[in-house]
Amino acid sequence: MLDKCITLLQSYGLSSLKKLKQVHAFSIRHGVSITNPEMGKHLIFYLVSLPPPPPMSYAHKIFSEIEKPFNVFIWNTLIRGYAETCDSVSALSLFREMRASGLVEPDTHTYPFLLKAVAKMADVRLGETIHSVVIRSGFGSLIFAQNSLLHLYGNCGDVDSAYKVFDEMPVKDLVAWNSVINGFAENGKPNEALGLYSEMGSKGIKPDGFTIVGLLSACAKIGALALGKRVHVYMVKVGLTGNLHSCNVLLDLYARCGRVEEAKTLFSEMVEKNSVSWTTLIVGLAVNGFGKEAIELFKDMESEEELLPCEITFVGILYACSHCGMVDEGFEYFRRMREEYKIEPRIEHFGCMVDLLARAGEVKKAYEYIMTMPMQPNVVIWRTLLGACTVHGDSDLAELARIKILQLEPNHSGDYVLLSNMYASEQRWSDVQKIRRQMLEDGVRKVPGHSLVEVGNRVHEFLMGDKSHPQSELIYAKLKEMSDRLRVEGYVPQISNVYVDVEEEEKENALVYHSEKIAIAFMLISTPERSPIRVVKNLRVCADCHLAIKLVSKVYDREIVVRDRSRFHHFKDGSCSCQDYW
């Protein structure tokens, strides 16, 4: 009878929970006790293997009825189930119970499942503890355990430890390469990810869809369009263009590199599209300053059957309204999100609404909106208000926002700089000195502005006044020529953007050496005439550089795309896609 019950499980176990319960009931009626380890093992396996989410409480109840679960397979199956359902606490608790029971010892399958569960907790200290247990148990050299450790450290943001594990692996399979490349890409080290990809190719290891996703993610983060295009060509060559996930990441790459037309072309050519595809292009259009196009695309998405916008879609729509000054439209979409689509607003949506009002100069209304939010505003929202106050000159409200920020996240350099710049714009030099002394006392260092450009599959980085580049002499000669030609066109340096108490001539000199201007000068001498220039910047572009780049695009007949920390600026023929609203 036990064999018959197991045969029934093998035949119907994966079809539905209802069928499993029927087989379970049949076994009880025919005298097969649930305490029987063999019956319990099979029942638990098929319960955990059901389509997600599997009924883990049911599986654990059966487990608790087994008199002496000597079979390590039963324990591993339950740990796997908890890991896959993101119940990491239960997985860890079961592992501890397993070691304490004395009935069974962990085997080669236990630790990969356990490490997967711990990775989802993103607790690096706990991960290190389990890592030491793995080594002491003699499983540290197994490739499955090593790959799980790579994933764990990458998910925890500890890419140095991930790379150390990777470097010490005697045999590295494709999973290992993908894990470490993705770990670098997702944790702010895209150059390292790209370097590993090159090393991978030199060793003759062919990438797969997962490699492509990690690589494209790295390219997108630093704006490495040329390399991203090479990856696209490779995708076409090996037939990966049908992979929806890879295509969505490629779509994101083009959007984040400011290549909106390529993104739109790719989107139109995609045979299969899901809500992620639509959302990616909507957000891409929004951050590139094409807010009206983003909204038109959203209307097209609404007309598609079986496609529903998600929370992120509405972040893109609200962002589009914010950056195009469409205040009324923004509030209408916020209402529709709640009432028509039953999407409960998250902090990001409220942040967009605060930004919508703040950018329009309605800083007091923005503050009132913050005060009526149904949740506690986070530091990003207060920082949005602080930034708007400095732009629109409301020092009282700025100081209030600064107090709130200090309570939530003290010692962030950007907040000191914003407040200092506002005081400087009002020529309150004693207050500027006070803020700067406070920065020194608190040990806060200003994040230096940098600009990245790509030439010949290599990314070049420039800082303000940077002379470390091998071509510095030529770059600065071009920079001087640029300045001279811009003055002929009527350019007057916006010295109000220099927030230090020095003579006007010194202020003008300071503006010349901003990192984006140096980067553009380098591109003018390094790329063919009339070819587009793309710059990735870590800070908000200043008003003087914005004005100067508009003129550069006209004088040198170049399309220039600048991606700053919050949006894209597409400069062409002396104008910008943001229409001077940023």
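Predicted model: local features only at pLDDT ≥ 70, side-chain atom pairs only at ≥ 80, totals over all residues.

Modeller: Residues are numbered from 1 along each chain as its sequence is written, and side-chain values use heavy atoms, with hydrogens and water left out.

Biologist: What percentage of the residues of the protein count as buried?

Modeller: Buried means under 20% relative accessible area, exposed over 50%, and partly exposed in between (1.4 Å probe, protein chains only). The protein has 582 residues. The share that counts as buried is 50%.

Biologist: How many residues of H17 are buried?

Modeller: Helices are DSSP runs of H or I with at least four residues, numbered from the N terminus. Helix H17 covers residues 275–287. Trp278, Leu281 and Leu285 are among its buried residues. H17 is largely enclosed by the rest of the structure, because the buried residues number 10 of the 13.

Biologist: How far apart are the end C-alpha atoms of helix H17?

Modeller: The expected span of a helix is 1.5 Å times one less than its number of residues. For the 13 residues of H17, that should be 18 Å. The model agrees: the end C-alpha atoms are apart by 18 Å.

Biologist: Which residue forms a salt bridge with Glu293?

Modeller: A salt bridge is a side-chain nitrogen of Lys or Arg within 4 Å of a carboxyl oxygen of Asp or Glu. Here the closest N and O atoms are 3.0 Å apart, and the partner of Glu293 is Lys264. The pair links distant parts of the chain, 29 residues apart: Glu293 is in helix H18, and helix H16 holds Lys264.

Biologist: Which helix holds both Arg256 and Asp252?

Modeller: Their side chains meet in a salt bridge at 3.5 Å, N to O. Residues three or four places apart in an α-helix point the same way, because it has 3.6 residues a turn. Arg256 and Asp252 are four residues apart, about one turn, in helix H15.

Biologist: Is Glu305 buried or exposed?

Modeller: Glu305 sits in the loop between helix H18 and helix H19. Its relative accessible area is 74%, so Glu305 is exposed.

Biologist: How far apart are the C-alpha atoms of Lys61 and Gly204?

Modeller: Lys61 lies in helix H4. Along the chain, Lys61 and Gly204 are 143 residues apart. Their C-alpha atoms are separated by 49 Å.

How values were computed:
Helix = DSSP H or I, 4+ residues; strand = E, 2+ residues; numbered from the N terminus.
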